[in-house]
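Open the model in your viewer and keep the sequence panel beside it. The stops below say what to select and what is there.

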Amino acid sequence: MNVSDGGRRRFEDNEHTLRIYPGTISEGTIYCPIPARKNSTAAEVIDSLINRLHLDKTKCYVLAEVKEFGGEEWILNPTDCPVQRMMLWPRMALENRLSGEDYRFLLREKNLDGSIHYGSLQSWLRITEERRRMMERGFLPQPQQKDFDDLCSLPDLNEKTLLENLRNRFKHEKIYTYVGSILIAINPFKFLPIYNPKYVKMYDNHQLGKLEPHIYAVADVAYHAMLQRKKNQCIVISGESGSGKTQSTNFLIHHLTALSQKGFASGVEQIILGAGPVLEAFGNAKTAHNNNSSRFGKFIQVNYQETGTVLGAYVEKYLLEKSRLVYQEHNERNYHVFYYLLAGASEEERLAFHLKEPEEYHYLNQDCFTVEGEDLRHDFERLQLAMEMVGFLPKTRRQIFSLLLAILHLGNISYKKKTYRDDSIDICNPEVLPIVSELLEVTH
């Protein structure tokens, strides 16, 4: 898909081009470019596709969004705006790449019963289930088990055998392993096609341990236990920096809302995932081991009706590393949002906020300024759109950015001890005070 450049032009109602991949619905068409605006709905885009590709108007079609980090498909509601969802994608996903790992939109056909037609999905699931039953009954040979999908099944359980088993599974791209009801996930740092609709369907309402370990299985067990027992369920995600906790959270949210909404992207899911760029900008920073390390804890509460439909959600942060604002260790940076704002602010904002370069702020010039492969202007635009989608009004966003710049200017104030008193100090650069007062909207 093509997105026009030019800073804030992305936020105006200018025309964008969506690349829609129709697959088997339109043989011979790899993708169809459809012009759309920021507020164009999925229904309007589908109407344009039907006319452009001369499709059967008696059938019902939907748009599916596929994301790079897993390849799963999420069906857009007719009133959803594809351009707005596209503008939340990472910068690399907006470049014109044709690899199978790109974020993209697909055209899908909806069956009469409301389900989505995935071609040979049902036959694939049926064959998989038949092979499993044949092996259980002894009609097919059991596969040679060179590893154990549950560490509790190891005949000799010690640190060496545990690590060797995890290593052997990882070599075969089996990144998930059980320890009873606990799931171990090893970050593969690459695309694995194990999060598409086939796997969503395969793990739906299955007992934990019956199938290959997967994060979908954990989400499914928690969801159905909640419905059957009428009690709250909790999933705890823990790990070292860079282990993939944020991605695992995204997979869980996707699957839980898919179980509730039957594959459609719900408004609650959009808000939770739309809050991701906001939380990352204000709570993530470059560390010595991870360029996008979360420096806070996150608690997400998803509330359901008795029918299993998502009712609402609550997101709370805790243990924010506030000391990072004033001091960073070697090869580390401050929070992302400061760099986004300094790089992406408009000329009017630069004058109003008295912006300088990062190296001119004490809170930003202690070690490093850049991260390889980042596009700060795009990240700032993505942050602004995410804040808008979550519900921040323009006035509120401006007040937040003004406060951030006030913090940076406060860090530039230097002090000296008064010569005639031992318990008081003077400000060496009083010219900074009017700027801070203006940004905080207080008198001085």
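Burial is used throughout this tour: buried means under 20% relative accessible area, exposed over 50%, and partly exposed in between, computed with a 1.4 Å probe on protein chains only. This is a predicted model, in which local features need pLDDT of at least 70 and side-chain atom pairs count only at pLDDT 80 or more, while totals for chains, interfaces and linings use all residues. Residues are numbered from 1 along each chain as its sequence is written, and side-chain values use heavy atoms, with hydrogens and water left out.

**Whole chain**

Start with everything selected and colour by pLDDT, the predictor's confidence in each residue, from 0 to 100. The average is 84, and 86% of the residues score at least 70. Of the 444 residues, 43% are buried. Switch to a cartoon: there are 13 helices and 14 strands, taken as DSSP runs numbered from the N terminus (helices H or I, at least four residues; strands E, at least two).

Now select residues 1–11, where pLDDT stays under 50. The model still has 38 contacts there beyond four places in sequence, a contact being heavy atoms within 4.5 Å. Where pLDDT is low, the predicted coordinates should not be read in detail.

**Nonpolar cores**

A nonpolar core is a set of buried Ala, Val, Leu, Ile, Met, Phe, Trp, Tyr and Cys residues joined through side-chain atoms within 4.5 Å. Select I20, L49, L63, L383 and L405, which have the most contacts inside the largest core, a set of 53 residues. Centre on L49: beyond four places in sequence, L49 touches I20, C32, I34, H54, L55, L63 and L107. Apart from this core lies another, of 22 residues, including L192, V200, Y203 and L211.

Next, show helix α12, residues 394–411. The 18 residues of α12 reach 26 Å from first C-alpha to last, close to the expected 26 Å; the expected span is 1.5 Å times one less than the number of residues. Buried residues in α12 include F401, L404, L405 and L408, and also R397 and H409.

Select V218 in helix α6. Why does V218 count as buried? Because its relative accessibility is 18%. Leaving out residues up to four places away in sequence, V218 touches L183, L208 and I235.

Move on to K230, in the loop between α6 and α7. K230 has a positive phi of about 60° although it is not a glycine, and K230 is exposed at 58% relative accessible area.

**Annotated binding site**

Select G239, E240, S241, G242, S243, G244, K245 and T246, which an unreviewed UniProt entry annotates as "binding site". UniProt positions are given in the numbering used here, feature names are shortened, and annotations may be inferred rather than shown by experiment.

S241 sits in the loop between α6 (215–229) and α7 (245–261). S241 is partly exposed because its relative accessibility is 37%. Beyond four places in sequence, S241 is in contact with T287, N290 and S293. The side chains of S241 and S293 make a polar contact at 3.2 Å, that is, a pair of N or O atoms within 3.5 Å; within protein, one must be able to donate a hydrogen and the other to accept it, and residues adjacent in sequence count only if both atoms are side-chain atoms. G244 is in the loop between α6 and α7 and is buried, with a relative accessible area of 18%.
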